[in-house]
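I opened this entry to work through a few strands, a core and a surface patch. My notes follow in the order in which I looked things up.

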Amino acid sequence: MSTNKLQEEIGSLFKDITFKVSKNNKIFIIAQKEQILDILSFIKDKGFDHLALISCVDWIKKNQFEIVYILTSYLLEDEKSRIHVILKTRISREKPEIMSALPVFENAEFYEREIHELFGVNFDGNNRLIPLFLEREYKIAPFRKDFDTREYVKNLYGSILPVEDKNK
Amino acid sequence: MIEERELELFYGPQHLGMVGNFSITLKVEGDTIVEAIANPGYLHRGFEKLMEYRNWIQNFPLVCRINVIEPDSMEMVYAMAVEKLAGIEVPERGNYIRTIFLELSRIASHLFGAWAYVNMLGFDTAAQWAMYHRDLILDLFEELTGGRVYHIYIQPGGVRRDFPKGFKDKIVKTLHSIGGCIPDYDATFFNNSLFYKRANGIGKINLETAKKLGAVGQVLRATGMEYDIRKIEPYAAYDKVDFNVPTRKKGDAYSRIWIVRDEMIESVHMIFKLLEQMPKGDVWNRTPNPFKWQIPERDVYVRVESSRGELGVYLVSNGENKPYRVHFRTPSYTHGLVILEKLLKGANISDVGNIMISLYVIAPEIDR
């Protein structure tokens with residue numbers, strides 16, 4: 001199936017989405033957070049059945065988190081196997097909440113756990129949002145842009161300054 | 001009648017059957033595992049966050065440390081992502097050298113993985129051979145790059161330097177001496193009935209479940225699917241060389257380890273072909289001054305086939321001289337967390353190490 005046909009079908013089913021195809025067949029879809037589950041299952045039925053990654057980007061200046069789903073295909077057809085679908089949605093930074101992708105993709109659980117721990121995003125429907133990597137509690141989730149690693153180390157381990165600061 | 005009761009058992013990180021900094025909490029009833037909980041995080045260094053503070057070139061020493069056993073595919077995927085973002089081309093010879101280098105590192109990584117598995121089953125002799133043969137490849141790396149484990153050899157625009165004089169012959173000689181020992185490996189390990197009895201039917205997974213759980217690499221290929229990024233979405237010089245993707249049908253530990261063996265042989269053949277076809281020319285296209293190098297606002301997902309499966313990176317630039325967000329999709333992440341927990345349910349305690357190492361999990365790649 002070509003990217004044009006997918007664009008037509010998605011455009012007729014879902015409103016308020018942006019659809020962009022880059023020149024090497026990478027599809028970018030920007031959608032509202034309420035539509036995400038429907039679009040994910042729609043794209044899965046179209047053959048993009050491999051959830052490669054769920055990622056999160058902190059756009060602090062716009063006060064938003066961007067949740068990114070990257071889907072590829074397990075089909076070995078020549079054309080389709082090279083298409084990546086990159087589905088993005090923005091959620092508010094103050095109250096970061098989104099539906100879990102677990103009903104559609106079983107392997108979403110750990111990606112969501114990681115994003116919950118490192119960015120503080122809540123996933124509705126994922127019952128196992130327990131710590132994954134970290135052992136301490138943090139006031140600000142550590143992968144957010146306003147978490148300063150150098151400041152944190154200074155406060156935690158005392159004032160052993162880095163070499164460049166000593167010379168001042 | 002004695003009441004059956006559940007017992008909680010901590011498996012790792014200090015355990016003989018465990019390779020790497022990783023632990024599993026098991027709930028057992030008798031000898032059977034009722035529930036397994038994977039606990040990563042012993043090696044979480046926060047590299048993805050640290051990379052946001054450093055410029056595009058400075059990140060290479062961090063990137064290679066994410067996967068200790070096979071650092072080169074990490075460098076490759078990051079370099080490819082930067083090239084895609086900035087629109088840099090790689091010269092023909094650079095691509096060939098990258099491919100040869102990646103295949104050498106795949107063999108080294110597989111030998112290390114074979115060591116872990118063979119050693120776990122108690123075949124010490126074959127395990128020591130594998131470690132020795134890996135060392136021969138590390139000698140090649142040392143001559144080419146100056147480093148044995150971490151090479152920082154691949155960079156945006158190509159590779160750091162051309163092959164030194166007489167290096168081709170050295171590669172051929174080393175690979176011949178390793179290849180000459182394959183009959184010995186087969187006799188002592190792969191055709192050994194003890195290996196068959198110990199691994200046959202262990203950690204079995206079928207194609208449907210594997211796909212549903214996001215399996216890649218050997219785990220998926222052992223269920224009969226020819227899924228290899230080198231074939232599907234060729235990068236470097238993989239589209240210019242002919243090679244087979246070894247598969248098996250049964251999806252158990254036995255098939256997975258056989259695929260590792262077959263892939264090593266396939267890589268050796270591929271390197272010989274590539275060395276013959278190698279063109280002349282430059283190995284590196286100049287990139288801008290690293291301190292002033294700003295990449296326009298864009299994001300990209302790039303993937304390669306590492307020795308363990310699909311390795312990808314999601315890289316975001318916001319127009320500055322450093323990345324805005326880096327996120328690695330590593331093959332061990334799904335294998336070591338999702339699939340491991342699933343496969344351990346209902347398994348026997350004595351098979352935990354067998355299942356985990358045959359899934360080819362490597363802990364630093366999960367934690368990052």
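A nonpolar core, as I use the term here, is a set of buried Ala, Val, Leu, Ile, Met, Phe, Trp, Tyr and Cys residues joined through side-chain atoms within 4.5 Å. The model is predicted.

**Core.** I looked up the largest nonpolar core and found 177 residues in it. Ile24(B) and Phe195(B) have the most contacts inside this core. I then asked which helix gives the most to the core; it is helix α4 of chain B, residues 92-121, with 13 residues.

I listed the contacts of Phe195(B), leaving aside neighbours within four places in sequence. Among them are Tyr117(B), Leu121(B) and Phe123(B), as well as Phe189(B) and Phe190(B). The list also includes Asn200(B), Tyr254(B), Ile257(B) and Trp258(B).

**Strand β2(B).** The cut-off I applied for buried is under 20% relative accessible area.

I checked the pairing of β2(B) with two strands. Strand β1 of chain B, residues 7-11, runs antiparallel to β2(B) and is joined to it by 5 bridges. The hairpin of β2(B) and β3(B) has 2 residues between the strands, and Gly30(B) in it takes a positive phi near 65°.

**Leu9(B).** I picked this residue from strand β1 of chain B. Leu9(B) counts as partly exposed because its relative accessibility is 28%, and that class lies between the 20% and 50% limits. Not counting residues up to four places away in sequence, Leu9(B) touches Ile24(B), Thr25(B), Leu26(B) and Ile349(B). I also noted the C-alpha separation of Leu9(B) and Val28(B): 7.2 Å, for residues 19 apart along the chain.

**Chain A.** Last, I looked at a surface patch. Which residues form it? The nonpolar patch consists of Val153(A), Leu156(A) and Tyr157(A), with about 280 Å² of accessible area together. I placed Val153(A) in helix α4 of chain A, residues 149-157. Val153(A) counts as partly exposed because its relative accessibility is 42%.

How values were computed:
Residues are numbered from 1 along each chain as its sequence is written. Chains are lettered from A and ligands numbered from 1 in the order in which they are written. This is a predicted model: local features need pLDDT of at least 70, side-chain atom pairs count only at pLDDT 80 or more; totals for chains, interfaces and linings use all residues. Side-chain values use heavy atoms; hydrogens and water are left out. Patches are made of residues with over 30% relative accessible area and no salt bridge: like charges are joined within 9 Å, nonpolar side chains (Val, Leu, Ile, Met, Phe, Trp, Tyr) within 5 Å. Accessible areas come from the Shrake-Rupley method with a 1.4 Å probe; for residues, only the protein chains shown count as cover. A salt bridge is a side-chain nitrogen of Lys or Arg within 4 Å of a carboxyl oxygen of Asp or Glu. Helices (H or I, at least four residues) and strands (E, at least two) are DSSP runs, numbered from the N terminus. Buried means under 20% relative accessible area, exposed over 50%, partly exposed in between (1.4 Å probe, protein chains only). Two strands pair if DSSP finds at least two bridges between them. Contact means heavy atoms within 4.5 Å.
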